[in-house]
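Subject: Structure handover

Hello,

Here is the structure for your files. Please open it first, then read the notes below.

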Amino acid sequence: MSGSRDTRLALALGALAVLAIPLAGLCAAFTTRVQLLPAVYVAVPVACLAGLGAVAAYRRARAKLERSVRRVGERPVQVARVLALAGLYLAVTGALALGFYGLLHLTA
């Protein structure tokens, strides 16, 4: 049963990692109290940490699945892998965008 708990954790953290940056943009677009740049400054590290946590939980779930005799729950583990890697990809992309923005801000 612990493998399914790791799978659920990986799915939740992966979904958080994928949705962190778009949710920050939505909050900045629909509220006047939140500005876009500070929201992205918070969302990118959240996406990175959630993505790393999702990868760790996915790897634990996959290891428990590989040791089991019955391969019940293989599909959610694969979905957790996709979400975890997509969340890390978005976090790295957001970090690169912020880095280039900072570079352009310094030179201009």
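How many residues does helix 3 have, and how far does it reach from its first C-alpha to its last? Helix 3 (residues 74-107) has 34 residues and reaches 50 Å. That is close to the 50 Å expected at 1.5 Å a residue. The expected span is 1.5 Å times one less than the number of residues.

Some ground rules. This is a predicted model, where local features need pLDDT of at least 70, side-chain atom pairs count only at pLDDT 80 or more, and totals for chains, interfaces and linings use all residues. Residues are numbered from 1 along each chain as its sequence is written, and side-chain values use heavy atoms, leaving out hydrogens and water.

Overall fold. The protein chain has 3 helices and 0 strands. Helices (H or I, at least four residues) and strands (E, at least two) are DSSP runs, numbered from the N terminus. The order is α-α-α from the N terminus on. The radius of gyration is 17 Å, well over the 13 Å that the globule rule gives for 108 residues, so the chain is more spread out than a compact globule. That radius is taken over C-alpha atoms, and the rule is 2.2 Å times the number of residues to the power 0.38. Along the principal axes, the C-alpha atoms fill a box of roughly 60 × 30 × 15 Å.

Contacts (heavy atoms within 4.5 Å). Of those with a separation of 6 or more, 77% join residues 24 or more positions apart.

Burial. Buried means under 20% relative accessible area, exposed over 50%, partly exposed in between (1.4 Å probe, protein chains only). Buried residues make up 27% of the 108. In helix 3 they are Val 77, Ala 80, Ala 84, Gly 87, Leu 88, Ala 91, Gly 94 and Leu 98. An α-helix has 3.6 residues a turn, so residues three or four places apart point the same way.

Asp 6 deserves a look. Asp 6 lies in helix 1 and is buried, at 7% relative accessible area. Leaving aside residues up to four places away in sequence, Asp 6 touches Ala 57, Arg 60, Ala 61 and Lys 64.

Surface. The chain exposes about 7,300 Å² (Shrake-Rupley method, 1.4 Å probe). Carbon and sulfur atoms supply 71% of that area.

Leu 16 sits in helix 1 (residues 2-30). Leu 16 counts as partly exposed, at 41% relative accessibility.

Regards
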